[in-house]
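Please examine the sequence and the three-dimensional structure shown below before reading on. The report that follows is meant to be read beside them.

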Amino acid sequence: MASSMKDTILDSFKRHLSLSLAKRPDKASNLDRYQALALSIRDLIVERWIITKDAYEEDHPRTVNYISLEFLMGRTLGSAMVNLGVSEAAGEAMKELGFSLAELRDEEVDAGLGNGGLGRLAACFLDSMATMELPAYGYGIRYDYGIFRQIIQNGYQVEEPDNWLSRGNPWEIRRPELSRPIQFGGHVEPYANGSRNKARRRWVDTQEVLAMPYDMPIPGYMTNTVNTLRLWSAESQCGFNLSKFNQGDYISANLEASMSSNITRVLYPNDNNYEGRELRLKQQYFLVSATLQDIMGRINFYKLDMHDFAKYATVQLNDTHPAIAVPELMRLLIDVENFSWEEATAVSLESFNYTNHTLMSEALEKWPVALIGSLLPRHLEIIYEINFRFLRHVSTRYIGDNERLARMSLIQEGSEKMVRMAYLCVVASRKVNGVAALHTELLKNGLFKDFSEFYPDKFINVTNGITPRRFLKKANPALSALITSKIGDGWVKNLDQLKGLEKFASDGAFLDELGKAKRTNKLRMENYLREVCGIRVNPDSIFDVQVKRLHEYKRQMLNALHAVSLYLAIKDNPNADIVPRTILFGAKAAPGYMIAKLIIKFINAIGEVINSDSETNELLKVVFVPNYRVSLAEKIISAADLSEQISLAGTEASGTGNMKFALNGALTIGTMDGANIEIHDAVGADNIFIFGMSVEEVKKLRSEGYDPMAFIGKNEKLQRIFTLIENDFFSPGECGIFKPLLDSLRADTYMLAADFESYCDTQIRVADTYRNAREWNRRCVMNIANMGYFSSDRSIQEYADKIWHVAPYHVKSESDGILFDSTKSKRKKKIA
């Protein structure tokens, strides 16, 4: 089979190189070869993709429609080959032609469709839904430039456009026949000749933008199911204005097209100004309107009853960004389909579900009433009507409790009235879920306490998960091969089978093999750091890693302060027996988040001092790795020894990086926050390094009046570090630049000073444990073996059972090609 597949890929590769790319083999570049290989692999997917879509259209199973502003897909080629089971055959084919598969894969750039954990979770979920044969569509935005490409200049983050589409995207297919018109502005009026439907309105004199769909295939692992990720791109309805161009008005000739396409230029436009806020709201509405029109278009095309919308589709709102979908569905049902208010409400309440991803009240989007009224006047009317009817229900249950009414209102009163979008999601959704056990409890007893009391059966927990296909089988071939050699390959689709590794936790030979696999990955990472960052690190040092979105609550600054304390300890006693350590950071800060950007500067500043000091640089290195992204994460995570998950207890919803690191055999140092708690319970207290205050202790300290200066005053290490920062030790040429950082630390919203001593003490335990390689590796085995629960397959099964009520749909094919027996997870050739 492998030989046959190798020949198939060889023939397809040669054909695409000459016929699709018009290149002779001896004249082709590595980019040409990558594209030819990508098209060859895509060919293996397309037949099943068509068959999957045909099957859904013929039988109309209930589909999951997953709306997310982010899908952090990374690179597609490697994952596609893994899921098809053709990685080995493709490698052999390229080797026969004299090419390196690894080099060709490196020609692919990461898709610029996301930024952080929200988008990576969405990508993992797409993989799991296809692997588990659930009928599903992902809906997102095809950003021209993603979030940004991060470069570091003089220690500062500089944002450059991430022009990820500049060399083409062989994985997407444009679908102009499915484009959708999107309206903005205008005004609302009743029907002139009257209407029996008193709720119905006309939205007129609007500006229109065209939503153009681009489809990407999502193949499941060793299944026939290939689901679709549909990404919308904004285009002008009119396009280029030739008349103005011929008049010499070249700017105006292109103005409308440029203004339209701005909607999907970048992810998360800077919202520090009115124009940025308006663009963000336009972006969110653009996504949900196109998506809901698309879902309803399928129902209408097959002449199904729109009243049965929820029978054919369930809509998952991934965080608060798509919240405007609620009034949009109501508008489409009432104004376009002529539903009564009651009919539309019944459909909406059965269709929407909402996943909350944050405990930060400031991160829960609120839009000014005036902005919504200007941009989406009909939707503001609908929101007010939803709020009126909802508060009427509340008032009849809690008679006379006006304070509760004010707390639960969808409209926040004040000098500028705001629409509370998260509250809108809660009111309009059938189910609301948190993403870790602690997170869900904090939602029910804190952020959404009033709503939880009003809707006691609405709130449930579904702990996040990660796909083992990308984050172990693909990202860590050395460890993956070792695991498979001991327990078989069933773990790829059933991660609970990793439990079989526990019996090897005391096997010295296996532990040594595990250590060798880790060192292979560390050498690969060491080489990357040397080539990209110009820094040599010791592969036998502790690779101490914190890679995630830069935010104060994630406390990268706590890690940086500890790095300085280690530096001072070495300077104080250069001959001490200190375990070598390489501290790796990777993070992007939002362009308008100045303190976060200053933290990046600080990390680079301390790294410059520490790495250039001959007394310390053999024992300690601090490296900020620029432009953190999925393909880089695969390298870093597989090489990590220590995983930094150090947010203040009660601030991180879940996290998924913690799961990826543990699955790859890194030990966690962390607080009892987010999914760290469930990891602690799964792997055992002896196999994780927990420090710091609990949620209850944080609340108690706050209630007593937290005084960070009291903690700083009692800690000699912190006092020395603060003095060095004040005296510009880390910024001799830029005096005073870290003053805002010091001011932030002295206010200490996220209680770094309170947790600092516990953190440093726990890091000493980390170093002591690392000295004993066998013991360290034994704990690594216990982590890997107990990661079964954290598979995104388990998460998706819980969504399917508890929220979506969808069942697997087995796609069958009568044609020749690679087919999969979904009951045995084995490839097979269809026999005529």
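## Basis of the report

This is a predicted model, in which local features need pLDDT of at least 70 and side-chain atom pairs count only at pLDDT 80 or more, while totals for chains, interfaces and linings use all residues. Residues are numbered from 1 along each chain as its sequence is written, and side-chain values use heavy atoms, with hydrogens and water left out.

## The chain as a whole

The chain contains 33 helices and 25 strands; helices (H or I, at least four residues) and strands (E, at least two) are DSSP runs, numbered from the N terminus. Its radius of gyration is 27 Å, close to the 28 Å given by the globule rule for 832 residues, so the chain is as compact as a globular protein of that length. The radius is taken over C-alpha atoms, and the rule is 2.2 Å times the number of residues to the power 0.38. Along the principal axes, the C-alpha atoms fill a box of roughly 90 × 75 × 65 Å.

Of the 832 residues, 61% count as buried. Buried means under 20% relative accessible area, exposed means over 50%, and partly exposed lies in between (1.4 Å probe, protein chains only). Among contacts with a separation of 6 or more, 77% come from residues 24 or more positions apart; a contact means heavy atoms within 4.5 Å.

Strands of a sheet pair through backbone hydrogen bonds, either parallel or antiparallel. Here, two strands are said to pair if DSSP finds at least two bridges between them.

Strand β22 (residues 667–670) is joined to β23 by two bridges, and Ile669 has Phe689 in β23 as its bridge partner.

β12 pairs in the parallel sense with strand β11 (residues 313–318) over four bridges, and Val315 stands opposite Phe352. β12 also pairs in the parallel sense with strand β16 (residues 431–434), over three bridges. There, Val432 is the bridge partner of Tyr354.

## Single residues

Gly788 lies in the loop between α32 and α33 (792–804). At 8% relative accessibility, Gly788 counts as buried. Leaving aside residues up to four places away in sequence, Gly788 touches Leu495 and Asp496. Its C-alpha atom is separated by 7.1 Å from that of Gln497, 291 residues apart along the chain.

How many disulfides does a search of the whole structure find? The search finds zero, a disulfide being a pair of cysteine sulfur atoms within 2.5 Å. Cys533 is partly exposed, with a relative accessible area of 22%, whereas Cys780 is buried at 3%.
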